[in-house]
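Please look at the structure as it comes up, and I shall take you through it.

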Amino acid sequence: RSLCDWSSDVCSSDLFAQKRFAGEAKIANVTFLSDYRGGEFGKTHGLFLEGPHILTRAVMVVDKTNTIRYLQITPEIAQLPDMEEAFQFARRLVTES
């Protein structure tokens, strides 16, 4: 298997930011999900910021059984996650399976 066999999903509480991000990054192969209404995804995974009603910046790798195998939460909302580290972890999972 390769990383191409895996899906990429992005979850945000800001639908407009998702669309803008996808356009600027020229991304077409990612599924964008919304957590706007109740923030349940963010609350369940410790990513919801109550005051501004947004999700913190994070990257997670989820295996085929929907188990979170890797989670990186940035210390500051303006900071981007270390995507290379997440990709390396995902590659190891692919190699192991």
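I begin with a term: a residue is called buried under 20% relative accessible area, exposed over 50%, and partly exposed in between, using a 1.4 Å probe and protein chains only.

Two remarks on the source. The model is predicted, so local features need pLDDT of at least 70 and side-chain atom pairs count only at pLDDT 80 or more, while totals for chains, interfaces and linings use all residues. Residues are numbered from 1 along each chain as its sequence is written, and side-chain values use heavy atoms, with hydrogens and water left out.

Let us turn to the overall fold. The protein has three helices and six strands; these are DSSP runs numbered from the N terminus, with helices (H or I) of at least four residues and strands (E) of at least two. From the N terminus on, the order is β-α-β-α-β-β-β-β-α. The radius of gyration is 14 Å, close to the 13 Å that the globule rule gives for 97 residues, so the protein is as compact as a globular protein of that length. Here the radius is taken over C-alpha atoms, and the rule is 2.2 Å times the number of residues to the power 0.38. Along the principal axes, the C-alpha atoms fill a box of roughly 40 × 30 × 25 Å.

Contact means heavy atoms within 4.5 Å. Among contacts between residues at least 6 apart in sequence, 29% join residues at least 24 apart.

Next, the surface. Its accessible area is about 7,100 Å², with 54% belonging to carbon and sulfur atoms; such areas come from the Shrake-Rupley method with a 1.4 Å probe, and for residues only the protein chains shown count as cover.

Which residues make the nonpolar surface patch? They are Val62, Ile68, Leu71 and Ile73, and the patch covers about 270 Å². A patch takes residues with over 30% relative accessible area and no salt bridge, joining like charges within 9 Å and nonpolar side chains (Val, Leu, Ile, Met, Phe, Trp, Tyr) within 5 Å. A salt bridge, in turn, is a side-chain nitrogen of Lys or Arg within 4 Å of a carboxyl oxygen of Asp or Glu. Strand E6, residues 68-73, gives the most to this patch, with three residues. Ile68 lies in E6 and counts as partly exposed because its relative accessibility is 33%.

Now consider two threonines. Leaving aside neighbours within four places in sequence, Thr74 is in contact with Thr56, Arg57, Gln79, Leu80 and Pro81. A polar atom of the Thr74 side chain lies 2.9 Å from the backbone oxygen of Glu76.

Thr44, by contrast, is exposed at 58% relative accessible area, and belongs to helix H2, residues 40-44. The side chain of Thr44 reaches the backbone oxygen of Glu40 at 2.7 Å. A polar contact is a pair of N or O atoms within 3.5 Å; within protein, one must be able to donate a hydrogen and the other to accept it, and residues adjacent in sequence count only if both atoms are side-chain atoms.

Finally, the backbone. His53, in the loop between strands E3 (48-49) and E4 (54-55), has a positive phi near 55°. Asn66, in the loop between strand E5 (58-62) and E6, has a positive phi of about 65° although it is not a glycine.
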